[in-house]
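Me: I'd like to learn how to read a structure like this one, feature by feature. Can we go through it together?

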Amino acid sequence: MSERADTAPILELRDVSKSFGAVYAVRDVNLRVYPREIVALVGDNGAGKSTLIKVISGVHAPDHGEVYVKGERVHNWSTAQARRRGIETVYQDKALAEQQTVMRNLFMGREEAGPFGWLRLGHQRAEAEALMRRIGFTSRLVSPDSVVATLSGGEREGVAIARAMFFRADLIILDEPTQALSLTQAREVLRFVERARDDGSSVILITHNVYHAYEVADRIVILDRGQIVGEFQRTAITAVQLIEYMQTVAHEGAPVN
Ligand SMILES: Nc1ncnc2c1ncn2[C@@H]1O[C@H](COP(=O)(O)OP(=O)(O)O)[C@@H](O)[C@H]1O
Ligand SMILES: [Mg+2]
């Protein structure tokens, strides 16, 4: 069973649907995310993964359905509201400032202005170093003063995830963070994801790589043509069974309703 009766979910979606014109991008989705859990959301291109997380992060309002954060139904949901309620999202185009330092990127748009700017800068550097240790940056070549453009793809993902960790988000959403990365770099990113969970956040990890999902997720949710067509505790299934299941679903089509 995937449900945990003992703890309240951080996030709950009830019968959420979102369409674009005639296309149902997300249809009747029910989803719960519990504290300190990595939920992998897997599915092919066009399955509705990005749309679903944009509903969670306040980019899209759902056409139908309800969103609950820590048991409370949200109204007038927006990206600002989502952030205030502890949901941080790293979108597919991470929007890092490539020519800026790691430190600037970590605190971008959040610098506290004040008369003691020089003091704050020292404080920010210490904070950046602490964050980078927390998320597990190991390369001695990367410091808060490194320019992002000089970092590997995996390390850039790490910066984006660390930025989300900075405010101790309850839920961090990552849209395809391992896409287009080498095997080694993808591994590194998956370790960052585990660090974020171990640090106290829940994570929704979007990927269409089942092996990446399988490697870190506590629970795996399969999306197909806008609908959830399967949900498994990682310990309840092997990677091969998962792939076979997804192929069967793709072959037979999503459940009719
Ligand atoms: N802003 C949009 N306008 C119109 N159609 C969209 C928009 N965003 C997504 N879609 C459509 O919704 C479906 C799901 O897309 P998406 O959520 O991006 O899937 P995924 O992230 O799983 O690849 C696709 O058919 C896509 O073309
Ligand atoms: Mg997508």
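Me: Let's start with the ligand. How many nonpolar, polar and charged residues does the shell around ligand 1 have?

Reply: This is a predicted model, so keep that in mind throughout. By class, the shell around ligand 1 has 4 nonpolar, 6 polar and 1 charged residues. Among the residues around the ligand are Phe20, Val23 and Ala25, along with Gly43, Asn45, Gly46, Ala47 and Gly48.

Me: Which element gives the largest share of the shell around ligand 1?

Reply: That's H1, with 3 residues. S2 and H1 each supply at least two residues of the shell.

Me: Is H1 buried or exposed?

Reply: Buried: that holds for 8 of the 8 residues of H1, so the helix is largely enclosed by the rest of the structure. After H1 comes glycine 58, with a positive phi near 90°.

Me: Now the sheets. How do the strands of a sheet pair?

Reply: The general idea is that they pair through backbone hydrogen bonds, either parallel or antiparallel. Take the open sheet of 4 strands here: the order is S2-S1-S4-S5, and the pairing is antiparallel. Strand S2 (23-33) and strand S5 (72-73) stand at the edges with a single partner strand each, so one side of each is left without a neighbour in the sheet. H1 (residues 49-56) packs on this sheet and touches S1 and S2, with its direction at about 60° to that of S2.

Me: How many bridges join S1 to S2?

Reply: There are 7, and strand S1 (residues 11-20) runs antiparallel to S2. To pick out one pair, lysine 18 has valine 26 in S2 as its bridge partner.

Me: What is the strand order in the open sheet of 6 strands?

Reply: Read it as S6-S7-S8-S3-S9-S10, with mixed pairing. The edge strands are S6 and strand S10 (227-233), each pairing on one side only. From one strand to the next, the twist averages 15°.

Me: What do the side chains of a regular strand do?

Reply: They alternate between the two faces of the sheet. Look at S7: Leu171, Ile173 and Asp175 are on one side, Ile172 and Leu174 on the other, and all are buried. So both faces of S7 are covered, and for strand S7 (residues 171-175) the tally is 5 of its 5 residues buried.

Me: Which helices pack against these strands?

Reply: H6 packs on the sheet and touches strand S3 (38-42), S7 and S8, with its direction at about 155° to that of S8. Helix H8 (residues 239-252) lies across S9 and S10, running at about 20° to S9.

Me: How do I read H6 itself?

Reply: In an α-helix there are 3.6 residues a turn, so residues three or four places apart point the same way. Helix H6 (residues 183-198) has 16 residues and reaches 23 Å from its first C-alpha to its last, close to the 22 Å expected at 1.5 Å a residue. Its buried residues are Ala186, Glu188, Val189, Leu190, Phe192, Val193 and Ala196. Just after H6, glycine 200 takes a positive phi of about 120°.

Me: Which residues have a positive phi although they are not glycine?

Reply: As background, most residues other than glycine have a negative phi. Aspartate 15 has a positive phi of about 50°, and its place is in strand S1. Aspartate 15 counts as exposed because it has 12 C-beta neighbours inside 10 Å. Alanine 180 has a positive phi of about 65° and lies in the loop between S7 and H6. With 8 C-beta neighbours inside 10 Å, alanine 180 counts as exposed too.

Methods: Residues numbered from 1 in each chain as written. Chains lettered and ligands numbered in written order. Predicted model: local features only at pLDDT ≥ 70, side-chain atom pairs only at ≥ 80, totals over all residues. Pairing = 2+ DSSP bridges. Contact = placed C-beta atoms within 7 Å. Axes fitted to C-alpha atoms, helices over the stretch in contact; angles between N-to-C directions. Expected span 1.5 Å × (residues − 1). Buried ≥ 20, exposed ≤ 12 C-beta atoms within 10 Å, placed from the backbone. Near = placed C-beta within 6 Å. Nonpolar A, V, L, I, M, F, W, Y, C, P; charged D, E, K, R; others polar.
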